[in-house]
Amino acid sequence: MTPFDGNPIAPEIAAFLAQSHRLLIDGQWVEGSGSHVTSDPATGLPLATFAIGGAAEVDAAVKAARRAFEGPWGRLTAAERTRLLFRVAELLDQRAALFTELDIVDNGMPRFISELTVANCVEMTDYYAGAVMRIEGTTTPPPRHLAALGEALTYTLREPVGVGGMIIPWNSPLAMAILKLAPALAAGCTLVVKPSEETPLTALALGQVLLDAGLPPGVVNVVNGFGADAGAAIAAHPGIDKVAFTGSTATGRRIVEAALGNLKKVSLELGGKSPVVVMPDADLAEAIPGVAMATYFLQGQNCMAGTRIFAHAAIHDQLVEGLKAFSEAMVLGHGLNPATQQGPLISATQLARVKSHIESALAEGATLVTGGQSPDRPGHFLQPTIFTDTRPNMRIQREEIFGPVMAIERFETDDLDAIATRANDSIYGLSGSVWTRDLSTAHRLVRRIHSGHVSINCHGAVGTNIPFGGTRQSGWGREFGREGLDAWLETKAVTAKL
Ligand code: NAI
Ligand code: MG
């Protein structure tokens with residue numbers, strides 16, 4: 001196998017990969033306590049060796065973040081913070097080709113998804129840059145019992161939470177970093193960011209953007225490392241005021257436990273098992289590609305993935321036939337190749353995990369319609385896979401799979417409460433979609449589905465200013481939009497006797 005599967009790589013990307021990949025602490029690129037190798041999941045070949053840190057490096061980063069918070073960053077005016085964030089957005093945009101290709105080679109995503117992601121990251125940074133000057137408190141008339149004070153003034157200030165810790169997953173590395181970092185910086189926080197050990201590279205390129213944009217030293221520190229070392233050190237650190245995490249529900253639980261020491265604020269964006277309900281009157285020409293990509297986007301390594309498909313008996317067979325044809329026509333390959341529609345899974349471990357779900361579905365009696373195998377080529381690829389005849393108690397219907405595997409269950413009823421009961425039969429509540437031409441059916445079903453976000457005739461359609469987060473075990477809090485900014489602010493109430 002040739003590097004990048006024979007696809008050409010731009011000289012600037014090759015130069016980036018060849019440079020030394022250190023930690024960013026207090027505005028300096030510094031050595032870590034060890035190193036690790038990241039690889040290209042489409043070939044299995046190594047890409048780069050990068051420095052990793054543990055508790056000592058996290059501690060140095062937290063101290064730098066605290067100094068910046070209490071020093072130069074904390075003293076900036078809102079207008080100055082706005083300008084810096086617009087400059088970050090501008091540099092991200094100027095270096096879009098670098099970010100696009102780094103996420104492709106480190107994560108494996110297809111080019112069209114990576115390009116879309118970088119554009120969304122620029123938009124999100126612009127959005128939060130523009131929001132800085134709109135961080136406003138309120139004035140309130142003093143309550144009755146304060147009449148004793150005579151003339152009084154009561155008002156609120158919105159202040160940054162302080163030093164934030166961010167633990168980022170590998171499934172969309174740049175986006176996962178920006179969607180936390182942009183609102184936190186807009187709020188005036190300083191940060192210690194730990195990317196995933198699987199995908200360390202775009203966060204380093206982002207660190208350089210932040211330096212070049214002129215952010216003071218220590219405002220954003222990037223400490224690559226393993227979850228059990230650097231990640232756990234962030235979750236437990238008494239100098240961190242809030243930790244924001246995206247990843248598995250199991251690790252989220254561990255982070256909550258580690259955060260107990262100083263009762264730091266915690267936001268969690270965790271797993272999902274999102275329902276996709278296809279009603280008898282759905283426009284199948286739209287629903288077939290829409291439902292397929294609800295599952296296959298990012299190779300199914302997507303917390304919003306629609307992996308429980310509920311198909312009404314009237315359209316079940318036609319839908320399955322269409323999804324089978326769509327799946328079999330998908331072009332698997334290296335993400336750098338513009339023709340590629342689906343890339344590899346992130347690692348051999350993830351591929352094995354997904355295959356164990358396929359085996360359990362077979363053992364439990366689900367019907368394999370297509371896929372289920374790895375194509376004969378290097379890299380961690382898996383064919384798009386469809387199961388029908390799945391039942392509520394099967395593992396494939398209960399656990400997050402995080403791979404391109406669809407489970408389709410047939411239903412006969414037209415009773416929306418009964419349909420919603422099946423859709424809601426999960427510990428998760430992150431996303432979901434309903435497919436119908438009937439507006440009333442759509443909105444009535446939306447109300448019945450327990451989830452942080454539901455799409456109608458599309459799936460997982462979230463973005464910059466649409467609040468996103470989960471109910472139940474899918475997480476705590478909302479990201480994106482106004483709520484994403486509020487999550488990095490505290491309210492200080494002030495009462496003044498005049
Ligand atoms: P993970 O949740 O363990 O990893 C995500 C991040 O957490 C990484 O940066 C990792 O280094 C860090 N981490 C791991 N253990 C930690 C600890 N004890 N303290 C602090 N940080 C820690 O997920 P993993 O193992 O990569 O994937 C396993 C499964 O998790 C996937 O199959 C999928 O179901 C789910 N997942 C969900 C994601 C989402 O977007 N909601 C993203 C990634 C994984
Ligand atoms: Mg990698």
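1. Axes here are lines fitted to C-alpha atoms, for helices over the stretch in contact, and angles run from 0 to 180 degrees between N-to-C directions. Helices (H or I, at least four residues) and strands (E, at least two) are DSSP runs, numbered from the N terminus. On that basis, the axes of α4 and helix α7 (residues 173-187) come within 9 Å and cross at roughly 155°.

2. Provenance next. This is a predicted model, in which local features need pLDDT of at least 70 and side-chain atom pairs count only at pLDDT 80 or more, while totals for chains, interfaces and linings use all residues. Residues are numbered from 1 along each chain as its sequence is written, chains are lettered from A and ligands numbered from 1 in the order in which they are written, and side-chain values use heavy atoms, with hydrogens and water left out.

3. At their interface, 27 residues of domain 1 are in contact with 31 residues of domain 2 (contact means heavy atoms within 4.5 Å).

4. Back to α4 and α7. The two helices are therefore roughly antiparallel to each other (angles under 35 degrees count as roughly parallel, over 145 as roughly antiparallel, 65 to 115 as roughly perpendicular and the rest as oblique). α4 passes α7 in a right-handed crossing; a crossing is right-handed if the near helix is turned clockwise from the far one by less than a right angle, and left-handed if anticlockwise. From α4, Arg81, Leu85 and Leu92 meet Ile178, Ala182, Leu185, Ala186 and Ala187 of α7. This contact divides into seven nonpolar, no polar and one charged residue. For these classes, Ala, Val, Leu, Ile, Met, Phe, Trp, Tyr, Cys and Pro count as nonpolar, Asp, Glu, Lys and Arg as charged, and the others, Gly among them, as polar.

5. α4 also packs on α8. Helix α4 (residues 78-94) and helix α8 (residues 201-213) meet at an angle of about 130°, with axes 9 Å apart. That makes α4 oblique to α8. The crossing of α4 past α8 is right-handed. Leu84, Arg87, Val88, Leu91 and Leu92 in α4 touch Leu206, Val209, Leu210, Asp212 and Ala213 in α8. By class, the contact holds eight nonpolar, no polar and two charged residues. Leu92 of α4 is listed in the contacts with α7 and with α8.

6. A further helix pair is α11 with α12. The axes of helix α11 (residues 284-296) and helix α12 (residues 313-329) come within 9 Å and cross at roughly 60°. That makes α11 oblique to α12. α11 passes α12 in a right-handed crossing. Among the α11 residues in this contact are Leu284, Ile288 and Tyr296; α12 contributes residues including Ile315, Leu319 and Phe326. The contact has 11 nonpolar, three polar and no charged residues.

7. Now the seven-stranded sheet. It is open, with mixed pairing and the order β14-β15-β16-β13-β12-β18-β19 (two strands pair if DSSP finds at least two bridges between them). Its edge strands are β14 (367-370) and β19 (455-456), each pairing on one side only. Inside the order, strand β15 (residues 385-388) and strand β16 (residues 405-411) pair in the parallel sense over three bridges. Threonine 385 stands opposite valine 405 in β16.

8. The three-stranded sheet is open and antiparallel, in the order β5-β6-β22. β5 (139-140) and β22 (489-497) stand at the edges with a single partner strand each, so one side of each is left without a neighbour in the sheet. Strand β6 (residues 152-160) is joined to β22 by nine bridges, and the two run antiparallel. Glutamate 159 stands opposite glutamate 490 in β22.

9. Last, a hairpin. Strand β3 (residues 34-39) and strand β4 (residues 46-52) pair in the antiparallel sense over six bridges. The bridge partner of histidine 36 is phenylalanine 50 in β4. Six residues lie between the strands, and glycine 44 takes a positive phi near 80° in this hairpin.
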